[in-house]
Amino acid sequence: MGHLTRRDLNASRERLRDQVAHALRAALISGELRPGAVYSAPTLAEDFGISATPVREAMLDLAREGLVEPVRNKGFRVTEVDERDLDQYAEIRALIEIPTVGRVTRTADRADLEALRPVAEEIVRAAREHDLIGYLEADRRFHLSLLGLAGNERLVETVGDLRKRSRLYGLNALDERGALIPSAEEHLELLDLMLAGDAKGAEKCMARHLGHVRSLWATSDAARSAR
């Protein structure tokens, strides 16, 4: 490696690990860290201009998220996601999230739903500003908070794990084409349907949203293969 874009990391020891993890996620999104490639903590640390310890700790955090995997005596390999993986992730999410959205629409307090509007607006704003890390974080908060209104913690954990394993796929290419904005705006549409008490409409919107996300992955993969 040895060629990561230099990022200024000025933080206390307690926060340095988090800042490194944040920078590594950004490198994953941009494609600086390539799927299937192996990177060592000392080499990455040279790019950051810091010691290897916080980099190694940050990589272990990413390993727990399923984004990289340790390779004995070499470093960490960036996890590859193939079409089969993406199909399976999308199918499981649809089986869980579509009916759950319908149930939450029928049972949730309207004030709890309305409280998610600022997060939905944050998703749209991040997409328009090309803030990919901000987009991912806001999108995660919205979906998991929405599912949390169903009152099933294990359900939220399951979807959270699926999201971790697929969330970075093709995002940079999608952003460059402006394809993230329509997907981002679907969060506001979904919320409006739920607030109106339209459970069937909300389920259809969620199905379309998840299908939209999967089709964006496929489009991104085809574009990358054509290069």
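The following legends describe close-up views of a predicted model.

Residues are numbered from 1 along each chain as its sequence is written, and side-chain values use heavy atoms, with hydrogens and water left out. In this predicted model, local features need pLDDT of at least 70 and side-chain atom pairs count only at pLDDT 80 or more, whereas totals for chains, interfaces and linings use all residues.

**View 1. Glu203 in helix α11.** Glu203 belongs to helix α11, residues 199-225 (helices, H or I of at least four residues, and strands, E of at least two, are DSSP runs numbered from the N terminus). Glu203 is buried (under 20% relative accessible area; exposed is over 50%, and partly exposed in between, with a 1.4 Å probe and protein chains only). Leaving aside residues up to four places away in sequence, Glu203 touches Ile98, Pro99, Val101, Gly102 and Arg106 (contact means heavy atoms within 4.5 Å).

**View 2. Asn73 between β2 and β3.** The loop between β2 (68-71) and β3 (75-78) contains Asn73. Its phi is near 65 degrees, a positive value in a residue other than glycine. Most residues other than glycine have a negative phi. Asn73 is exposed, with a relative accessible area of 76%.

View 3. The 12 residues of α6 should span 16 Å at 1.5 Å a residue, and the end C-alpha atoms are 17 Å apart, which agrees (the expected span is 1.5 Å times one less than the number of residues). Buried residues of α6 include Val119, Ile123 and Ala127. Among the elements covering the buried residues are α5 (110-114), α7, α9 (171-176) and α10 (180-195). His130, in the loop between α6 (117-128) and α7 (132-148), has a positive phi of about 60 degrees although it is not a glycine.

**View 4. The two sides of helix α8.** In α8, Leu155, Val156, Val159, Gly160, Leu162, Arg163 and Ser166 are buried. These residues cover an arc of only 165 degrees around the axis, which puts them on the same side of α8 (the arc is that of the directions from the helix axis to the C-beta atoms). Glu153 and Arg154 are exposed on the other side. At the start of α8, a side-chain oxygen of Asn152 reaches to within 3.1 Å of the backbone nitrogen of Arg154.

Technical notes. Lys and Arg count as positive and Asp and Glu as negative; His and the chain ends are not counted. A salt bridge is a side-chain nitrogen of Lys or Arg within 4 Å of a carboxyl oxygen of Asp or Glu. A polar contact is a pair of N or O atoms within 3.5 Å; within protein, one must be able to donate a hydrogen and the other to accept it, and residues adjacent in sequence count only if both atoms are side-chain atoms.
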